[in-house]
Amino acid sequence: MQVNNSLAGLTYHVKTFGCQMNLHDAERVSGLLGTCGCLEVATPEEADIVVFMTCCVREKADTHLYGQVSAMVSAPEPPSGRRVVCIGGCIAQRDGASIREHMRNVDVVFGTRAISSLPELIDEARSGNGKTVFADTSEDSQGFSSDLPSRRENAWHAWVPIMTGCNNFCSYCIVPYVRGRERDRAFDDIVDEVRRLHAEGVREVCLLGQNVNSFGRQRYGSPRFAELLRAVGETGIERIRFTSSHPKDLSPATIAAMAETPAVMPQLHLAVQSGSTRVLKAMNRRYTREDYIALANSIKEAIPDIALSTDIIVGFPGETEEDFEQTLSLVREVGFASAFTFIYSKRPGTPAAKIDDPTPREVIQERFDRLAALVADLAHDANQVELGRTVEALVEGASKRDERVLVGHSPKNKTVHFEAPEGCDPHELVGKLVDVRVDEARTWYLRGPMVGEPR
Ligand code: SF4
């Protein structure tokens, strides 16, 4: 990687919207600018370089972005007297140079495959004539952001991308259009990165990709995700998570690798989207309700204490009350520990966006509320199982409400709250693994005293 010294001494701020892949890309942007000698600042107002990492999967992220970029127009001048506003990520990839039509103060637009060019683009914008600089984002432009330096948000957790893009073309999803087709990172590079992270003191990694279960298909001709889990498990890293998993690609070999690799956490996020086979077909998900239930049962058989979570879309065009009832019954039958629920929103450019739906908004909202209530009931029930148990938590920081209360996540990815013991500096516990005896199990968190020594 070539270091661009002309940016040395400038301040920067990176703002991220959307998914984990974006969080990871933001860490790479920070690492890259840090390598060029730029200094990170806490707010966009103080920064010479402001980078917005965007997401077009959810509507809110879109709306949020426009508001925040516009706010930059009235922000005071930065230390260098010239602020460069950059937009990266999925919206940049989707809308390209036309972003300038909506946001006149944008200097640089760079797509999902152009992160490595950012320092040069900023340089060009700073010395240019006020025109937006737009990075080539074609399929074969420079690729995997993981080969770039990274400035992680914290020292104990790391996102590790293993593949990017998606070949699935679910009918509501924009990802294959903005992130492109699946591309795998080299197997050995991933394992080496995790080994290095472990040596640096990272406790937990999350293997990232739009469809991790098909890792290997593009580069090696057949999926190698199960093998990768086992190899990563041998690096000594203490906790392994991964996301996202497509049910149609989750193989028996991967389930076996999860069950037999102690560092793989007993938690799986497996998006179902709907419990109706008719709707799943319209979504182009390529599994049926029965397939999903059978898969969930086989996972529970192999890993009995696993916490399954999911994504569900309510109000997909044409969803009937009967379809929705099927979703409720699937959610009950599988017994998810948690679920992200969304009301369907059109993503322009996708096949589903062309389908008109006469279902009134109030009907969809009422279905959404019923589903949310069921999900909360199931989450509450799932947490009661933890009462009286001692769970291990990786400590992430203090609660926003009370700085003596620390927050971490258990192996099943449940939020755990506990008070720092008398005489113990709460900050010293951050990044440590602690045991917490659960004596309170609420819907969205577990709580209890810390027992034993942190490690
Ligand atoms: S699997 Fe479907 S929902 Fe997930 S990224 Fe690919 S197209 Fe989108």
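How many bridges join S3 to strand S4, and do the two run parallel or antiparallel? In this predicted model, six bridges join S3 to S4 (residues 84-89), and the two strands run parallel. One of the pairings sets threonine 54 against glycine 89 in S4. Strand S1 (residues 11-16) also runs parallel to S3, joined to it by five bridges; here valine 14 stands opposite valine 51.

Strand S3 itself spans residues 49-54 and is mostly covered, with six of its six residues buried. In a regular strand the side chains alternate between the two faces of the sheet. In S3 both faces are covered: Ile49, Val51 and Met53 are buried on one side, and Val50, Phe52 and Thr54 are buried on the other.

The chain as a whole is divided into domain 1 (5-134), domain 2 (154-265), domain 3 (298-385) and domain 4 (390-451). The centres of domain 2 and domain 4, taken over C-alpha atoms, are separated by 27 Å. Seven residues of domain 2 are in contact with 14 residues of domain 4. The area buried between these two domains is about 770 Å², and carbon and sulfur atoms give 56% of it. On the domain 2 side, Trp156, Arg203 and Arg239 lose the most area to domain 4, together 70% of what that side buries. Across this interface there are five residue pairs in polar contact and one salt bridge.

A further site is glutamate 319, placed in the loop between strand S13 (307-314) and helix H13 (321-334). Glutamate 319 counts as buried because its relative accessibility is 3%, where buried means under 20%. Beyond its neighbours within four places in sequence, glutamate 319 is in contact with residues including Arg278, Phe324 and Arg367.

Definitions and conventions
Residues numbered from 1 in each chain as written. Predicted model: local features only at pLDDT ≥ 70, side-chain atom pairs only at ≥ 80, totals over all residues. Heavy atoms only, no water. Buried < 20%, exposed > 50% of the residue type's maximum accessible area, 1.4 Å probe, protein only. Helix = DSSP H or I, 4+ residues; strand = E, 2+ residues; numbered from the N terminus. Pairing = 2+ DSSP bridges. Contact = heavy atoms within 4.5 Å. Domains from an automatic or database assignment. Buried area = accessible area lost by both parts, 1.4 Å probe. Salt bridge = Lys/Arg side-chain N within 4 Å of Asp/Glu carboxyl O. Polar contact = N/O pair within 3.5 Å; in protein donor to acceptor, adjacent residues only side chain to side chain.
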